[in-house]
Amino acid sequence: MQKILKKCDSIVIVVLLLLLSVIFVFPLYAQHQLYFGDDLVYHINRIRELADNISHRNYFPQLYTYNYRETGFLLGSFYPQITLYPFVIASLILHSTVNGIYVGFAFYSFLSMFFMYLVVNKICHQKDVALISAIIYGFCTYRTVDAFVRFALGEYLAMVFIPLALYGLYAIMFGNKKDWPYLGIGLSFILLSHVLSTLLCVVIMAILFFVGFYWMSDKKGRLIRCCYAVILFMASSAIYLVPFLQQQLYQEYDQPAPLDLVATAFPLDKIFLNSLSNTFERTGIYSIGLILLLVMFFGFIYFSKLSKVSKISLVIGSVIFVVSSSVFPWGIMMRTPIKVIQFPFRLSAFSSVLLSFVGGELFSRVLPKKKFDPRFYKIATVGVATVIMLGTWYSGVKQFISSPASTTDDNFIDGKVYAGDKERVYYWNLDQYNPKKAVEHLDDIFYHQATVAGKKVNLQKIKSIPDGLIYEDKTLKNQKVVILPIANYKNLHVYQGKKELLSSESKTGMIEVKNTNSAPITVRYRKSMADKLSIFVSLTTWIVLLLVVIIKNLSKVLRK
């Protein structure tokens, strides 16, 4: 009977998290549009590009040619795209980009809460505490801001896997060292979602590792597990790392969207007040929100009553909260690789994970235990925590929807095509991930201006194909020298008919071909052997891991 009850508990928890995932998107989904955010157009184009390629049976494109003004943008090698596929597949099935994206948000909200529940339950072995932590994390302010206010899709996706990586580090250092795969796969999927979040995660975990190394038992055995995790990370991430490194080593690129961290770090009092107000509006100041601020406050009041892990999580989460402000000397960081993170408030993702863990334990003690049956007490505390969390979350979402700033022509509806001149760079961000030499002549790429016999020519007949472009303008035919308006990336090949033309890099960083004939010119990205091998290695790693998980769970069921 006890075993049956445990199974029922697990089913109820999964169903509850699925229901909450739907609730997370429903108020915004009901508006039948996507609200304009910092990266909305950029990510809409990424999702559309993958959908267009899948429609043409190209399942892993590198060169983006259907969107981004059909410029031939090698974004697939620079910005991780694997975790976008649930959005893409849902969009294709539903024949709606808007609905597909909301389904994707709901799917990843479920995974965020499920992973948080999983790792908290592994640490504290209390389902009610784990469930409360999962709900707090799922509806925390910074996740919501990333999804709907900023539309920072890469960072939103990274937040799904941060709990796995942090737990993996904890397991290797102080917990069950057999859980080392959590670190490797968690960090890998953070990278396969968002590079900057990976950098921050590695820095934070490196600091925690060196600080906690002294208290770590069985150092040799745990260091070996850490090495295993690194190998797993490399194998799982190969599908992105190999193409990315190929391009980075081939030529020079500017830092994408460089910003001064001193200018983007806000005063601690403003961050505090922003969290206190629980606002989801587009203010430029983003933080952990009201509930996690209260968790931090009451956590220190009841510090002595918290478990050891919660105490450490509270201190680390609070320190990260303070560091995300101008209190920290960000000017020093501008002389280190950390300068690429653009916004110190990105650290709020890590504060949110750690404080959500603490919040689960605090909320589990909100009611007096003596007055209730133990089972009812757990249900009641989960219920109270859910009502409080959803109430404050919905208040912020409703405020965001009704805000005048949310009503703009830039909001996305199905069928909308973003257009505009080069001044609206936030639509495409073509200055990012184009080679440094080519960026200096971005107008030629942006306006499809080829150079023929030393003269600029505006091309009109450009056809998109999977991983390629076909230039059909007559002005390109039978010419001695042609500079095409596409950056010269590694693994790009040029053809006329079945004949491959010799190509080189022009002084402007674009593709130059000589002695063209009368056929259309085709530029295509051809996957190198290293590209193909990296795909095989990562896919094999994921399949093997999935099989291991399935076999382990089946064996547990059979033993029972």
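Helix α5 is mostly covered, with 11 of its 12 residues buried; buried means under 20% relative accessible area, exposed means over 50%, and partly exposed lies in between (1.4 Å probe, protein chains only). This is a predicted model, in which local features need pLDDT of at least 70 and side-chain atom pairs count only at pLDDT 80 or more, while totals for chains, interfaces and linings use all residues. Residues are numbered from 1 along each chain as its sequence is written, and side-chain values use heavy atoms, leaving out hydrogens and water.

**Helices and buried residues**

- Helices (H or I, at least four residues) and strands (E, at least two) are DSSP runs, numbered from the N terminus.
- Helix α5 covers residues 127–138, and at 1.5 Å a residue its 12 residues should span 16 Å. The end C-alpha atoms are 16 Å apart, which agrees. The expected span of a helix is 1.5 Å times one less than its number of residues.
- Among the buried residues of α5 are Asp128, Leu131, Ile135, Tyr137 and Gly138.
- Ile44 belongs to helix α2 (residues 40–55), and Ile44 counts as buried because its relative accessible area is 0%.
- Which residues does Ile44 contact, leaving aside its neighbours within four places in sequence? Ile44 is in contact with Leu34, Thr97, Ile101 and Phe412, where contact means heavy atoms within 4.5 Å.
- From C-alpha to C-alpha, Ile44 and Ser96 are 12 Å apart in space, and they are 52 residues apart in sequence.
- Thr381 sits in helix α17 (residues 374–402), and Thr381 is buried, with a relative accessible area of 0%.
- A polar atom of the Thr381 side chain lies 2.9 Å from the backbone oxygen of Lys378.

**Salt bridges**

- Side chains of opposite charge can pair when their charged atoms come close.
- The whole structure holds 11 salt bridges. A salt bridge here is a side-chain nitrogen of Lys or Arg within 4 Å of a carboxyl oxygen of Asp or Glu.
- Arg150 pairs with Glu155 in one of these salt bridges, with the closest N and O atoms 2.9 Å apart. Are these two residues buried or exposed? Both Arg150 and Glu155 are buried.
- Asp444 and Lys456 form a salt bridge through their side chains (3.2 Å, N to O). Asp444 lies in helix α19 (residues 442–446) and Lys456 in strand β2 (residues 455–458), so this pair ties together parts that are 12 residues apart in sequence.
- Within that pair, Asp444 is buried at 7% relative accessibility, whereas Lys456 is exposed at 52%.
- Asp467 and Lys527 also meet in a salt bridge (3.7 Å, N to O). Asp467 is in the loop between β3 (462–465) and β4 (468–471), and Lys527 is in the loop between β10 (521–525) and α20, so the pair ties together parts that are 60 residues apart in sequence.
- Asp467 is buried at 6% relative accessibility, and Lys527 is partly exposed at 22%.
- One network, joined by salt bridges that share partners, contains Asp38, Asp146, Arg150, Glu155 and Arg346.

**The nonpolar patch**

- Leu539, Ile543, Leu546, Leu547, Ile550, Ile551 and Leu554 make a nonpolar surface patch of about 670 Å².
- Patches are made of residues with over 30% relative accessible area and no salt bridge; like charges are joined within 9 Å, and nonpolar side chains (Val, Leu, Ile, Met, Phe, Trp, Tyr) within 5 Å. Accessible areas come from the Shrake-Rupley method with a 1.4 Å probe, and for residues only the protein chains shown count as cover.
- Leu546 is part of helix α20 (residues 529–559), and Leu546 counts as exposed because its relative accessibility is 55%.

**Residues in loops**

- His95 has a positive phi near 55 degrees, although His95 is a residue other than glycine. His95 is placed in the loop between α3 (85–94) and α4 (97–124), and its relative accessible area of 73% makes His95 exposed.
- Tyr433 is not a glycine, yet Tyr433 has a positive phi of about 70 degrees. Tyr433 is found in the loop between α17 and α18 (436–439), and Tyr433 is buried at 16% relative accessibility.
- Pro520 lies in the loop between β9 (510–514) and β10, and Pro520 is partly exposed at 35%.

Terms used:
A polar contact is a pair of N or O atoms within 3.5 Å; within protein, one must be able to donate a hydrogen and the other to accept it, and residues adjacent in sequence count only if both atoms are side-chain atoms.
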